[in-house]
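Me: I have a model open on my screen and would like to understand the terms used for it. Could you take me through them?

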Amino acid sequence: MAETATFWGLSFSPWTEKARWAVEHHRLPYRYREHTPLLGEPALRLRARKRPAGRPASVPLLIDAHGVWTESDAIARHAEAVGSGAPLFSAEHDPAIDRWASRSDEALRSVRALVLAAMNADTQAQVELVPPLVPGPLRAPMRGISAMGIGFLARKYDTDPSAIAAHTATVSRFCEAVEASLGDGEHLLGDALSYADIVAAVVINGILPLERTFADMPATRRTWTRPELAERFAALVAWRDRLYAAHRP
């Protein structure tokens, strides 16, 4: 039996979601640990000390008997190498998968900027994001903890939340590219699920989250929702829903 890996992530992060999807697709045993931005940073830096030079310590992070894996794409490829299940990568499609992964990361950086800007302006979301251990009566007075975390993430990833139009345009261009590549099909590459589909689907989560996401956090869900893009790309939202229903119920 394979040794159980440890996976650190942020449950609402699209980078965590795409890596976790690949890990679970390949039936890799793991225990999940939720990372707390700002407060959990020292421990994260220690765990990710073998990361490439110049890159901030970040989640997702997977540690198993084979080593430390510090990025979504690397985690997905590692899961394929040591796990089981149908392949998400192939020699035939690898160059295209890499291009989609790169474009997805660009779009997700803009999603992150839009979400942080919305969170910074939404006091209800800040209350919802206060760590769970804080009791109910103290959550509103302590929303400053969330505001500090939001500011920390913006600085850590050199994010400019004020460039709303530019970030929205970046996400829109990505959605247009996915729409054009899908055509009447259900997959970006070939006729089976690939990692390209996964990295595209998580961007759609950044314009309209899944129903099950933030089910008890309506204000946080609001900060992740771009109504104008969700309406414009309603067909992509429906495609994302079908993809999850078929491959990640």
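Reply: Happy to! Lining residues of a pocket are those with an atom within 4 Å of one of its grid points, and domain bounds come from an automatic or database domain assignment. Keep in mind that this is a predicted model. Here the chain is divided into domain 1 (5-82) and domain 2 (93-247).

Me: What makes the second largest pocket lie between domain 1 and domain 2?

Reply: Both domains give residues to its lining, so the pocket lies between them. Its volume is about 300 Å³, and of its 17 lining residues, S11, F12, E17, N205 and T213 are the closest to the centre. Helix 1 (residues 14-25) gives the largest share of the lining, four residues. By class, the lining has eight nonpolar, five polar and four charged residues.

Me: How do you know that domain 1 and domain 2 are in contact?

Reply: Contact means heavy atoms within 4.5 Å, and 18 residues of domain 1 are in contact with 26 residues of domain 2. The domain centres, taken over C-alpha atoms, are 18 Å apart.

Me: What makes helix 4 and helix 8 a crossing pair, and which hand does the crossing have?

Reply: The axes of helix 4 (residues 94-120) and helix 8 (residues 164-182) come within 9 Å and cross at roughly 140°. The crossing is left-handed. Eleven nonpolar, six polar and two charged residues make up this contact. Among them are W100, R103 and L114 in helix 4, and H167, V171 and F174 in helix 8.

Notes:
Residues are numbered from 1 along each chain as its sequence is written. This is a predicted model: local features need pLDDT of at least 70, side-chain atom pairs count only at pLDDT 80 or more; totals for chains, interfaces and linings use all residues. Side-chain values use heavy atoms; hydrogens and water are left out. On a 1 Å grid over the protein atoms alone, a cavity is a set of points where a 1.4 Å probe fits but cannot get out, and a pocket is an open set with protein on both sides within 12 Å along at least five of seven lines; lining residues have an atom within 4 Å of a point. Grid points are joined across faces, edges and corners, and a volume is the space filled by probe spheres set on the points. Helices (H or I, at least four residues) and strands (E, at least two) are DSSP runs, numbered from the N terminus. Ala, Val, Leu, Ile, Met, Phe, Trp, Tyr, Cys and Pro count as nonpolar, Asp, Glu, Lys and Arg as charged, and the others, Gly among them, as polar. Axes are lines fitted to C-alpha atoms, for helices over the stretch in contact, and angles run from 0 to 180 degrees between N-to-C directions. A crossing is left-handed if the near helix is turned anticlockwise from the far one by less than a right angle, and right-handed if clockwise.
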